[in-house]
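Subject: Handing over a structure

Dear colleague,

I am passing on the structure shown below, together with some notes on what was found in it. Please read the notes with the structure open beside them.

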Amino acid sequence: MFYNNGLPALWLIPALPALGALIIFIFASRMPARAAGIIACSAISLSFLWVLNVGTTLVLGNHHHFVEHHWNWIAAGPFQGSASFYFDLVTFAFTFVVAGVGLLIHLYSYSYMKGDAGERRYFGYFNLFAAAMLVLVTAENAFFMFLGWEGVGACSFFLIGHWYQKSENTVAATKAFLVTRLGDIFLLIGLFLTATLVGVSFSQQSAWTQVATSSFIPGFGGLTGPQLILITGICFLLGAAGKSAQVPLQVWLPDAMAGPTPVSALIHAATMVTAGVYLIARFHILFALSPNLMLAVAIVGVLTAFYGATSAFVQTDIKRILAYSTISQIGYMFLGLGVGAWSLAVFHFFTHAFYKALLFMAAGTVIHSLHNEQNIYNMGGLRTKLKGTYLAFLAGAASLAGIPFITAGFYSKDAILWNTLSTKWGSPVIYGIAMLTALMTAIYSFRLIFVVFHGTPRKDIHVHLPDRLLTWPLYILAFFAIVAGFLNLPIVFGVTPIWEHSFARVFGEWQAEPLIHSHAVEWMALLGSGVLALGGAGIAWLLYSPAKAPMPEPAGDIATVENNTPAPYKAVWANFLFHGWKMDGFYNKTFVRGFRITSGVIAWIDRVFVDGIFEAIQAIVRGFHALVIFFQNGRVSRYAMVMLFGAVAIITILLIGSQR
Amino acid sequence: MGHYQPLLPDLILAMGATFILLLGPLRDSQNLRDFLRWISLGLVAATAATLVWVNHGMATPYPLVGEGWLTTAPLHTAFAVVFLATIAWTILASTVPDEDAGEWYSMLLFLGTGMIILARAANLAAVFLGLEVLSISLYILIAFRYSKRSSLRGGIMYLLLAGFASGFLLFGMALIYAVFGTLQIAEIRTLALATDMGPMAKVGFGLLLVGVGFKLAAVPFHMWTPEVYESSPGTVTGLIASSSKGAMLAAFIPFLFLLETHWSIIWLFAALSMVGGNLLGLREIRVKRILAYSSIAHIGYVLTGYLAGDTLSANAAFLPSITGVNAVFFYVVAYAASILGAFAALGYIQGERDLTLRDLRGVGRRNPVLAFCLLIFVWSLAGLPPAVGFFGKIYLFSAAINAGYFWLPLIGLLGSAIGIYYYLRIIVHLFMMPADASDPKVHASTLQEWVMLGSAVAVIALGLFPETIFSFLRAF
Amino acid sequence: MTLPINEALILSCILFSIGVLGVVVRRNIIYVLMCIEIMMNAAGLAFVAASARHGSLDGQAFFLFVLPVAAAEVAIGLAIALLIFQRYKTLDLWVVARTKEA
């Protein structure tokens with residue numbers, strides 16, 4: 001049960017948190033509120049231990065992957081989705097983060113959510129989320145993965161709307177759900193195409209190479225293999241963009257910050273939003289077969305990275321800054337995927353999970369300490385009061401900014417940047433934009449540090465000191481945010497990059513090889529991005545240091561869904577960026593309004609014609625009802641008479657005769 | 001014994017029932033009542049065991065025992081076991097005053113006797129005898145709360161109309177006997193298929209169908225259902241709707257050769273029942289009556305399956321391995337599991353006078369276990385997945401389509417769509433409406449709640465593993 | 001002696017019709033019960049006549065079953081009728097149907 005042929009069972013990984021959720025939901029009303037947190041934490045920690053067990057078996061045994069088949073779930077023609085699990089290095093990286101960082105966030109939540117009215121519900125969904133996410137990354141085929149994919153979407157919806165009493169939160173939850181659903185529709189189309197063309201099992205994906213060379217595939221109206229690959233890939237890309245908040249479906253993530261901060265840390269920073277990266281990494285063969293597709297992924301990635309960084313630059317709400325920064329960082333991961341640096345995209349996911357979860361949780365601690373204050377211009381001078389949090393936040397921000405040589409973010413981001421410059425799918429233009437984005441990333445990271453933690457308190461707020469569960473997870477994450485980078489030191493340091501080397505087993509020949517072999521150029525690129533990071537920090541010091549007069553005193557609160565927040569800045573460009581390039585407004589004016597007009601027309605047709613038909617049917621039904629109920633008056637002889645009529649009718653029919 | 005050994009189950013049950021009837025007046029105490037309950041349960045179990053035992057290894061097509069009285073065909077035995085299970089369930093789920101316990105359990109056992117005779121009848125006389133034993137026990141059970149006027153009214157109505165229908169049935173049998181000169185259904189079948197039927201035989205079978213139609217409450221012989229369902233104790237209503245009809249369905253299987261000549265009558269029964277049952281329920285607010293009308297519709301679905309007969313169609317398109325009769329068996333099990341629970345649950349809820357939808361308000365909050373069970377039962381009755389009722393309908397309709405019927409399944413689907421409206425209304429009132437000033441009163445003992453919960457779980461489990469019912473059938 | 005079989009069957013049909021009409025027309029419980037008895041006995045007559053026609057005893061044996069069954073049915077019917085008379089002070093089925101109450 002727990003071991004098959006000496007190998008650890010994979011089903012336990014998602015099953016443990018699922019069991020936790022089940023227990024919490026079933027006994028919710030009979031357990032003390034605190035017990036839910038304890039159950040949830042135990043479930044996820046057991047799951048994490050099991051992940052470590054499976055992962056070490058995988059790595060030490062030098063296996064390529066484990067597969068575990070349980071039962072056939074969907075079996076209809078080409079649609080063969082089985083409940084099977086798959087575990088290779090990519091899975092290990094993702095499960096390690098989901099269960100490991102998830103565990104820390106669970107512990108953090110135990111303190112953060114103390115006394116919340118919906119504590120049991122929160123932990124139930126939290127565990128359920130972990131289970132769904134673990135299904136997503138351990139599934140052996142795309143259909144089973146889709147189960148987890150939708151599961152995390154649903155849990156995200158529930159958790160964003162955790163404080164559903166405020167209507168903005170439910171609106172935000174609905175928005176997040178609907179926008180990701182839009183992507184999911186494309187994902188489903190992609191899955192169906194995949195199922196028909198090669199099959200959904202991940203071990204069947206190399207069959208795409210045959211599709212790529214075939215000029216005619218029956219049943220697809222004359223589309224050639226490469227065209228089908230392009231269509232499937234675009235569908236997957238849109239699906240991934242919806243889930244991972246990439247351009248053009250990125251609008252939901254900033255609003256998703258309406259949920260409790262640990263939710264943002266787990267779901268909207270570390271795990272769920274990176275599902276798109278996982279998806280594309282899993283289908284890397286499909287993508288690598290089409291240069292156009294790769295270019296599309298890279299462009300989406302770099303545009304998103306740029307978009308996120310510029311928007312984060314002017315936000316005033318601490319969580320929204322981090323949200324835009326997440327969008328931007330996932331853009332980097334997409335960029336990595338788009339240039340064929342699959343293992344590096346996964347590596348950037350890995351390091352990002354640590355430092356972004358850290359930043360969110362540290363921000364949560366700050367918010368918690370300041371009694372739910374989220375505007376950074378109402379903070380300031382917290383360096384002395386929240387010393388531990390400050391140091392942890394500093395580590396996270398340094399990693400985000402990519403401070404050279406000592407932070408994980410530097411190594412993972414720089415590797416992607418280098419691949420953008422040097423591999424066959426990369427291009428200098430994209431590299432340039434990515435470098436510019438890196439500079440802005442450093443600026444907004446240190447803007448956060450200087451405005452929130454330095455200087456003097458802008459408002460007289462009593463600081464409520466965080467307890468140990470609110471700080472210790474931060475320290476652990478801070479440690480990883482620094483040292484995780486050493487897993488993949490650049491080759492120019494004269495060492496083997498362990499991460500890339502190991503992942504070559506998974507991505508094999510599809511991994512892009514640098515075309516530039518000059519160490520000098522690589523050193524220059526490396527130092528260049530380091531200088532940019534430090535320079536960004538310096539610019540931030542010039543702009544935001546406490547010695548300077550504080551930036552414009554922004555009046556507004558967080559921008560809400562409808563964008564009706566008064567603009568906090570005088571400059572038009574700043575407000576444009578503040579509202580996320582006014583994408584919400586644009587979508588409202590085009591899609592939402594267009595949809596409303598269309599639905600208005602349809603509603604009119606529905607009211608006049610369709611309802612008319614149904615009202616007619618209803619009238620007929622009522623008439624019949626009145627007729628039959630008329631005889632239903634409780635008089636035995638009346639009933640007997642009806643029966644007699646029935647008997648006479650039967651005999652008449654029989655005698656008149658109806659032979660079949 | 002030897003030759004009469006197969007009559008042993010019926011003897012055990014009938015004698016046990018008599019024994020309990022005699023024990024009943026001994027003392028009015030709860031201990032005695034509990035004792036009687038468990039002993040009745042034991043008797044039912046013993047009967048079922050004997051039934052399985054005596055039929056073991058006798059499974060040739062329609063062999064007759066006891067001078068041609070009963071058949072030991074596996075399908076009929078399986079039916080009989082299912083009906084015994086419904087009786088056992090009712091014994092557990094019913095509430096009865098201490099002083100009436102003897103009569104109550106005894107009548108339930110007699111009812112079971114009637115059912116297992118009727119379900120296995122191979123002879124017109126056995127059909128009649130089984131039917132009457134069943135009916136007479138039901139008269140008493142329906143009017144059991146004789147201190148209530150409505151109970152008496154329901155009892156007398158059922159008695160008079162059932163007697164009336166029995167008269168038709170009996171006269172039809174007499175005509176059939178007059179034509180064919182035998183009471184053995186198998187022989188009648190041979191003779192009827194050999195020659196063209198004369199008018200007297202046709203009328204005879206027509207009158208027989210009147211009696212069958214009444215027992216099944218098929219339109220136009222359905223008029224008694226609302227009042228009788230309303231006024232009977234909840235658990236009895238469940239039995240009337242499930243196994244009493246089921247026994248008649250089982251008894252009708254040997255008569256399926258009538259499909260050759262009389263299919264149009266059954267077609268009409270089915271169509272009228274599906275349309276009528278669903279229409280009648282629409283504006284009703286008394287919950288038991290809603291389910292009564294729905295049971296009329298359900299008989300329509302079952303008859304749709306019957307039209308497919310007991311042979312497999314060569315050019316079957318859907319689920320080709322399931323005959324119409326097997327689908328009917330499935331449906332009887334599925335329907336019994338759902339409707340018994342539903343009526344029993346309604347029986348536990350105290351209404352102002354007749355139980356209306358309004359009385360259901362607040363039950364979801366006051367007694368969530370019961371309300372949840374009721375939700376599952378109603379869900380299954382509405383034929384929604386994953387409850388077992390969903391698969392029941394699929395099997396019936398696909399069998400009918402395989403047999404070449406098109407309109408009837410279509411009517412059935414449209415009817416079900418209409419029917420969902422009133423099923424959902426029950427659920428809405430249970431959970432979503434604010435309770436009225438006074439809280440609804442729910443009387444259910446712990447045992448009863450567990451029995452309900454067990455049934456609810458079974459309804460879902462059978463829906464998830466529908467194959468179980470067929471493997472049960474194959475085990476005989 | 002030979003029984004005129006067709007005539008016996010016709011007689012039973014007439015009796016049966018009388019019974020059926022009686023149930024439909026009558027409102028008094030006792031009469032309705034009697035009419036049901038007439039229907040059953042009409043069937044019994046038909047059985048006996050047919051039995052004679054076919055020269056088998058099955059039909060007559062069947063009638064022996066019908067008799068106690070009908071008696072049992074009437075016994076229950078009368079018992080309920082008695083209670084109804086106590087509670088409603090009438091045996092008129094229409095009045096019973098109209099009376100609303102507990």
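Predicted model: local features only at pLDDT ≥ 70, side-chain atom pairs only at ≥ 80, totals over all residues.

On confidence, the model scores ipTM 0.95 and pTM 0.66. For chain C the mean pLDDT is 88, and 94% of the residues of that chain reach 70 or more. Among the elements of chain C, the highest mean pLDDT, 92, belongs to helix H2 (residues 29–54) of chain C, while the lowest, 83, belongs to helix H4 (residues 93–98) of chain C.

Chain B has 476 residues, of which 64% count as buried. If one takes the contacts in chain B with a separation of 6 or more, 81% of them are accounted for by residues 24 or more positions apart.

The contact between chain B and chain C takes 30 residues from chain B and 36 residues from chain C. On the chain B side, helix H5 (124–142) and helix H6 (149–180) of chain B each supply at least two residues, and the largest share, 16 residues, comes from H6(B). By class, the residues on the side of chain B that touches chain C divide into 20 nonpolar, five polar and five charged.

Towards chain A, 29 residues of chain B are in contact with 23 residues of chain A. The elements that each supply at least two residues of this side of chain B are H6, helix H8 (199–216), helix H9 (225–231) and helix H11 (259–281) of chain B. Here the largest share is that of H8(B), with eight residues, and the side of chain B that touches chain A divides into 22 nonpolar, four polar and three charged residues.

Within chain A, two helix pairs were examined. In the pair formed by helix H8 (residues 225–244) of chain A and helix H13 (residues 291–314) of chain A, the axes are 10 Å apart and the packing angle is about 15°. Because angles under 35 degrees count as roughly parallel, H8(A) is described as roughly parallel to H13(A). The crossing in which H8(A) passes H13(A) is right-handed. From H8(A), the residues Leu230(A), Gly233(A), Ile234(A), Leu237(A) and Ala241(A) meet Asn292(A), Leu293(A), Ala296(A), Val297(A) and Val300(A) of H13(A). By class, this contact of H8(A) with H13(A) has eight nonpolar, two polar and no charged residues.

How do the axes of H15(A) and H21(A) cross, and at roughly what angle? The axes of helix H15 (residues 342–369) of chain A and helix H21 (residues 498–507) of chain A come within 9 Å and cross at roughly 120°, and the two helices are therefore oblique to each other. The crossing of H15(A) and H21(A) is right-handed. Trp342(A), Ser343(A), Leu344(A), Val346(A) and Phe347(A) of H15(A) make the contact with Trp499(A), Glu500(A), Phe503(A) and Phe507(A) of H21(A). By class, the contact of H15(A) with H21(A) has seven nonpolar residues, one polar and one charged.

With best wishes

Technical notes. Residues numbered from 1 in each chain as written. Chains lettered and ligands numbered in written order. Axes fitted to C-alpha atoms, helices over the stretch in contact; angles between N-to-C directions. Helix = DSSP H or I, 4+ residues; strand = E, 2+ residues; numbered from the N terminus. Parallel < 35°, antiparallel > 145°, perpendicular 65-115°, else oblique. Left-handed = near helix turned anticlockwise from the far one by under 90°. Contact = placed C-beta atoms within 7 Å. Nonpolar A, V, L, I, M, F, W, Y, C, P; charged D, E, K, R; others polar. pLDDT = per-residue confidence, 0-100. Buried ≥ 20, exposed ≤ 12 C-beta atoms within 10 Å, placed from the backbone.
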